[in-house]
Amino acid sequence: PMSGALHTLGIIPARAGSRRLPGKNMRLLGGKPLVAWTLDAAIASRRLSRLVVSSDDAQVLEMAASRDARLALARPRELAGDQSPAIEYVRHALQVVESSGEARFDAVVILQPTSPFTQAADIDATIERLERSGADTAVSVMQVDHAVHPVKLKTLSGDRLLPYWEEERGRMAAEQLPTLYVRNCSVYATRRHVIDAGQIIGPDCRGYVMPRERSLDINEEIDIAFAEFLLERSARHARS
């Protein structure tokens, strides 16, 4: 375990191409580009030593630079394809930022621009979990809804419903099933030795639980619509 605060590089990966939701990162949510939600949370975070938005999209880079010129990190096109592994943009960001004179980073924090409701406190708590535990990696997770609990998952053989995983054995109620968690794709904090070994998530990984309403991951049109609904609902609550 390392003592003292980790020297952390925050990276918001925001490439131009998205097959399911074209122009996703600059899509407006509550009048603000999607990537700007994560960027503003990251700027407000107290535990990020340095922050960059890694993108091959001129609009995204312009938006980041309008907050602070040091935030915009142009990503080479060959590191921004559908099949480009995450480790490539992480290595690129480390190399560019460190070669500009920044001290060597102890850890990298990936913040997904598809998670607009992530708060600065979620980012900081995930970094603190990594720091205090001495683990390789800490990630944000959410509880799995019992409707999609693995025990309930089925496969169709023709129209015959068969257990995919194991028999339910009458365990229908939520309280009869173990509580399960899944990464919510919001925050990944990982130590440098893991990155240097070519991984994003190391063998000893800890979880920081985020509530469901902050765990929305935007991949399709319906997710944007639902995010707008959640924003309007919270605005109504604030007014009432």
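A nonpolar core is here a set of buried Ala, Val, Leu, Ile, Met, Phe, Trp, Tyr and Cys residues joined through side-chain atoms within 4.5 Å, where buried means under 20% relative accessible area, exposed means over 50%, and partly exposed covers the range in between, with a 1.4 Å probe and protein chains only. The model is predicted, and local features need pLDDT of at least 70 and side-chain atom pairs count only at pLDDT 80 or more, while totals for chains, interfaces and linings use all residues. Residues are numbered from 1 along each chain as its sequence is written, and side-chain values use heavy atoms, with hydrogens and water left out.

**View 1. The largest nonpolar core of the predicted model has 25 residues.** The residues with the most contacts inside this core are Ile12, Leu39, Leu48, Leu51, Val109, Leu111 and Ile123. At least two core residues each are supplied by helix 1 (34-44), strand 4 (50-55), helix 2 (58-67), strand 6 (107-111), helix 4 (120-133) and strand 10 (181-191); here helices (H or I, at least four residues) and strands (E, at least two) are DSSP runs, numbered from the N terminus. Helix 1 gives the largest share of the core, five residues. A second, separate core has 18 residues, among them Ile87, Tyr89, Leu94 and Val97.

**View 2. Helix 1 and helix 2 have axes that come within 11 Å and cross at roughly 30°.** Helix 1 is therefore roughly parallel to helix 2, given that angles under 35 degrees count as roughly parallel, over 145 as roughly antiparallel, 65 to 115 as roughly perpendicular and the rest as oblique. The axes are lines fitted to C-alpha atoms, for helices over the stretch in contact, and the angles run from 0 to 180 degrees between N-to-C directions. The crossing of helix 1 past helix 2 is right-handed, a term used if the near helix is turned clockwise from the far one by less than a right angle, with left-handed used if the turn is anticlockwise. Helix 1 makes the contact (heavy atoms within 4.5 Å) through Val35, Ala36, Leu39, Asp40 and Ile43, and helix 2 through Met63, Ala64 and Arg67. Of the residues in this contact, six are nonpolar, none is polar and two are charged; in this count Ala, Val, Leu, Ile, Met, Phe, Trp, Tyr, Cys and Pro are nonpolar, Asp, Glu, Lys and Arg are charged, and the others, Gly among them, are polar. Helix 1 is mostly covered, with eight of its 11 residues buried, namely Leu34, Val35, Ala36, Trp37, Thr38, Leu39, Ala41 and Ala42.

View 3. Val187 is found in strand 10 and is buried, with a relative accessible area of 0%. With residues up to four places away in sequence not counted, Val109 touches Thr8, Leu9, Gly10, Ile11, Leu48, Ile123, Ile127, Val187, Tyr188 and Ala189. Thr126 has its place in helix 4 and is likewise buried, at a relative accessible area of 0%; beyond four places in sequence, Thr126 touches Ala138, Val139, Ser140, Val187, Ala189 and Tyr208. Between Val187 and Tyr208, which are 21 residues apart in sequence, the C-alpha to C-alpha distance is 9.1 Å.

**View 4. Cys185 has a positive phi of about 65° although it is not a glycine.** Most residues other than glycine have a negative phi. Cys185 is found in strand 10 and is partly exposed, with a relative accessible area of 27%.

**View 5. Arg75 is found in the loop between strand 5 and helix 3 (86-99).** This arginine is buried, with a relative accessible area of 6%. When neighbours within four places in sequence are left aside, Arg75 is in contact with Pro13, Ala14, Arg15, Ser54, Ser55, Asp56, Ala80, Tyr89 and His92. The C-alpha atoms of Arg75 and Asp57 are separated by 8.5 Å, although 18 residues lie along the chain from one to the other.

**View 6. Asp68 lies in the loop between helix 2 and strand 5 (72-74).** Asp68 counts as partly exposed, at 33% relative accessibility. Its C-alpha atom and that of Val52, 16 residues apart along the chain, are separated by 9.8 Å.
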